[in-house]
Amino acid sequence: MQLKHLEPFRLSLEKLKVVSTRLRKDMIRGLGKHTHHRAAVKMLPTFVRATPDGTEKGDFLALDLGGTNFRVLHVRVMEEEQKMVKMDSQLCAIPQEIMLGTGEQLFDHIAACLSEFLDSQNLKGQTLPMGFTFSFPCEQKEIDKSILIRWTKGFNCSGVEGEDVVKLLKEAIHRRGDYDISSVAMVNDTVGTMMSCGYRDQTCEIGMIIGTGTNACYMEEMKNVKRVEGEDGQMCINTEWGGFGDDGSLEDILTEFDKVVDRTSINPGVHTFEKMISGMYLGEIVRLVLMKLTEKKLLFKGEVSEALRTKETFETKFISMIEDGLENAKKILTELGLTWDLVDARVVRLVCETISSRSARLCAAALATIVDRIRVNRGLPHLKTTVGVDGTVYKKHPNDELQKAMHFLTPDCKIKFLVSEDGSGKGAAMVTAVAQRLALQSRLLEESDGEEDEEEKVRS
């Protein structure tokens, strides 16, 4: 009887194929010169044109802003040992009033924390390059120019949407006047994840995050990136796949519970896909299902506790804890003020498993679309590739569901998953290091071309 409410969450492999086909069409639309502005999946160019090759070296700063805290890091990249060492880092809280204040207040706060960190590291005298991980939807114009499209994750600072965040950061640093930075490379957290994993495994060309939010990036052929001049080589594309379904294309798989989560969120109508699979929303979906089952008198003898009735009290971390064992389920249900028996605990566990499994399978459908696109782009019968992954939902939940679905959806691909070690920190430093390597190579090439021209003149 209870299972009928869970049926809409059970997506067959055939249905996942349909979802994958829809995403493929949306990705093509997002890459198109004349269709991208209408696309639900934004497919944003990142201006990151290569993955690491192992020759990168130097000292870098990294700034990581993506939630209620931000981090500053000092990273040293050593070519001879081919490793990245995090020299030190500092975590700074962002108070609620700054998250909802003005852009100037936010960037002044960041600049102040950065100043404090440089003092603690005795780095004030040096002018280091910096990678800036800014995990919000941006339209990147260059590696060091990025326009915020919209705030997400509870931020709503005025005067930032539509502005270049690198410029705002540099202005805040200049207002202080007690230190300077040389270059800034803007990095989305997915790109950071791909790049930090790419330094350890040079077959890594996809980055994926399944945490508070979800997103993915991958290396696309330049000739397909119609919004940027140039046909040669590759560029990393930040898909912003969280917006998949914002145009109604996932309407047939949205459950009544998904619709409530969307309606009561701070951004109704956007990030449809993200709301079905990421950590910010999974706990709330479970709570709504448990409420429904209780109201139908199928759980807890029909008695709802005050905690269960309150939005967002069922935390996403409870899902993985309950999946781990019934003892955890019993403890959590007691903490939520519910009167339960063993059957209740088992049903709650089943609800958690069903919703967590749907998240993994939808994620597999989206990832399979990217992997298969890379294979087709390169005209390969088989593709062997690595996906750099980060995010608590990936780390805390059993991933056999994701692997099984991937195996079915991409039979022509062999995929390895590599968990990112501090992708948004070390990865940001690595993007800066790769950008410097490419700039140096380009300079050397121009110089050697110039020398050849001189020799040609002498000969003639």
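What is the volume of the second largest cavity? In this predicted model, local features need pLDDT of at least 70 and side-chain atom pairs count only at pLDDT 80 or more, while totals for chains, interfaces and linings use all residues. Residues are numbered from 1 along each chain as its sequence is written, and side-chain values use heavy atoms, with hydrogens and water left out.

The second largest cavity has a volume of about 80 Å³. A cavity is a set of points, on a 1 Å grid over the protein atoms alone, where a 1.4 Å probe fits but cannot get out, and its lining residues have an atom within 4 Å of a point. Grid points are joined across faces, edges and corners, and a volume is the space filled by probe spheres set on the points. The residues lining the second largest cavity include Leu44, Phe134, Met186 and Asn238. Two or more lining residues come from each of β1 (44–45), β6 (138–142) and β8 (184–187) (strands are DSSP runs of E, at least two residues, and helices of H or I, at least four, numbered from the N terminus). Because domain 1 (7–46 + 202–419) and domain 2 (58–200 + 422–436) both contribute to this lining, the second largest cavity lies between them; the domain bounds come from an automatic or database assignment.

Four cavities of 30 Å³ or more were found in the whole structure. The largest cavity holds about 100 Å³ of space. Eleven residues line the largest cavity, with Ser359, Ala360, Val393, His397 and Asn399 nearest its centre. Helix α12 gives the most to this lining, four residues.

Notes. On a 1 Å grid over the protein atoms alone, a cavity is a set of points where a 1.4 Å probe fits but cannot get out, and a pocket is an open set with protein on both sides within 12 Å along at least five of seven lines; lining residues have an atom within 4 Å of a point.
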